[in-house]
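Please look at the sequence and the model first, and then read on.

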Amino acid sequence: MAGLIVVAPEPLPLGPESGHDTPDLLVRWHDCADPCLSPRRPGAAPDWLHVETTGETVTYGFPGIGRIDVSRASPDVVLHPDPGTQQHTMWHLLLDQVIPLDLAERGELVLHAGSVAVGNGSARRAVLFLGESGTGKSTAALGCVLSGAALLGDDFARISLDREGAQVVPANTGVRLWEDAAAAAPAGAAAHQVAEYTSKVRIGAAAESGSHRVTEPVPIGALAVLGDRLPEGARPTVEPIAPSGAFAQVLSQAFRLDVPPPHARVQSMDQAARLVDQVPAVRVRLPESLADLAPACAQVLDRIADLAPILPGG
């Protein structure tokens, strides 16, 4: 997943099979007899995540749920669930929170963005959907899958800015949706609960398998920033965004700790500037109704192709 070879005692939920080559992440479990974190201090802020570095180990702690230890000296990743925490909850925290956060802490650009691929072969390009929480990044990605695109990732886009240009590395961990949106998923797509504290389900879209499954990095053709929804039945809108506006959106959607050190902020700003310098950005508004989702997303992809000629069809 996300270009990483993950070896675990059991298959990853709706993700790729565990790797058999030299692993980037070697996952194991260690059940806690007692809660893995000390109780929150009286009056302390109700943080959902505590991060602490001890020697060569970075601990990502989730009060009331458990903790995940990531080694800086080896591929070792140890999941420590609190008593009663369900296994799929710990997998969610690892796949959707810790891995992207840890990649960002190592200096990579990782965005809260859904991503899909359009086209084939050398003409394949990625469209990234960015936006604040609740704007429908996952739903937009699903709509594009329903209109023939390939799903790359859901709210986790690992960006490469090397000599090959801006690319996104497929996460391939399915898409997380509320139950009403999940009902629009392809027939036969498996659905599993994401975590015990949310009603979202993780969908392994049927279009993500077989010939549609993409495993290699894909050049990014466009950044699509999601705006407020339109009334039911309205035609979607797609409007260009100036690089300055796109820069602010990329910075706001980057995975990072709440107060990153100064050098990390400078690095993030440089990465965001390089991305928007290479990739055109648009603002997209989709209709509210899920019945309009697939045709609306097809229209959006066509319109983006008109505005960004490097996309297939442009």
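**Basis and overall make-up**

The model is a predicted one, in which local features need a pLDDT of at least 70 and side-chain atom pairs count only at pLDDT 80 or more, while totals for chains, interfaces and linings use all residues. Residues are numbered from 1 along each chain as its sequence is written, and side-chain values use heavy atoms, with hydrogens and water left out.

The protein chain has six helices and 18 strands, where helices (H or I, at least four residues) and strands (E, at least two) are DSSP runs numbered from the N terminus. Of its 314 residues, 51% count as buried; here buried means under 20% relative accessible area, exposed means over 50%, and partly exposed lies in between, with a 1.4 Å probe and protein chains only. Among contacts (heavy atoms within 4.5 Å) between residues at least 6 apart in sequence, 67% join residues at least 24 apart.

**The largest pocket**

The search for pockets runs on a 1 Å grid over the protein atoms alone: a pocket is an open set of points where a 1.4 Å probe fits, with protein on both sides within 12 Å along at least five of seven lines, and its lining residues have an atom within 4 Å of a point. Grid points are joined across faces, edges and corners, and a volume is the space filled by probe spheres set on the points. The largest pocket has a volume of about 900 Å³, and its lining consists of 36 residues, of which Ser133, Gly134, Asp155, Trp178 and Lys200 lie nearest the centre.

The elements that give two or more residues to this lining are α1, α2 (137-146), β13 (175-177) and α3 (179-182), and the largest share, four residues, comes from α1. By class, the lining holds twelve nonpolar, twelve polar and twelve charged residues, with Ala, Val, Leu, Ile, Met, Phe, Trp, Tyr, Cys and Pro counted as nonpolar, Asp, Glu, Lys and Arg as charged, and the others, Gly among them, as polar.

Helix α2 is mostly covered, since nine of its ten residues are buried, including Lys137, Leu142 and Val145. After α2 comes Gly148, whose phi is positive, near 110°. Gly148 and Gly119 are 29 residues apart in sequence and 9.4 Å apart in space, C-alpha to C-alpha; Gly119 has its place in the loop between β8 (113-118) and β9 (125-130) and, at 31% relative accessibility, counts as partly exposed.

Most residues other than glycine have a negative phi. Asp155, however, has a positive phi of about 60° although it is not a glycine. Asp155 is found in the loop between β10 (150-153) and β11 (157-162), and it counts as buried because its relative accessibility is 19%. Its side chain makes a polar contact with the side chain of His112 at 3.4 Å; a polar contact is a pair of N or O atoms within 3.5 Å, of which, within protein, one must be able to donate a hydrogen and the other to accept it, and residues adjacent in sequence count only if both atoms are side-chain atoms. Leaving aside neighbours within four places in sequence, Asp155 is in contact with residues including Leu111, His112, Lys137, Arg176 and Phe255.

Asn172, in the loop between β12 (165-169) and β13, also has a positive phi, near 55°, and is buried at 5% relative accessibility.

**Aromatic pairs**

Rings of Phe, Tyr and Trp (its six-membered ring) pair if their centres lie within 6.5 Å, and planes under 30 degrees apart count as stacked, over 60 as edge-to-face and the rest as tilted. By this rule the count comes to two aromatic pairs.

| Pair | Centre to centre | Angle of planes | Type |
|---|---|---|---|
| Trp29 and Trp91 | 6.0 Å | 80° | edge-to-face |
| Trp48 and Phe62 | 5.5 Å | 40° | tilted |

Trp29 is partly exposed at 23% relative accessibility, whereas Trp91 is buried at 3%.

In the other pair, Trp48 lies in the loop between β2 and β3 (50-54) and Phe62 in strand β4 (residues 57-62), so the pair ties together parts that are 14 residues apart in sequence. Trp48 counts as partly exposed, at 47% relative accessibility, and Phe62 is buried, with a relative accessible area of 1%.
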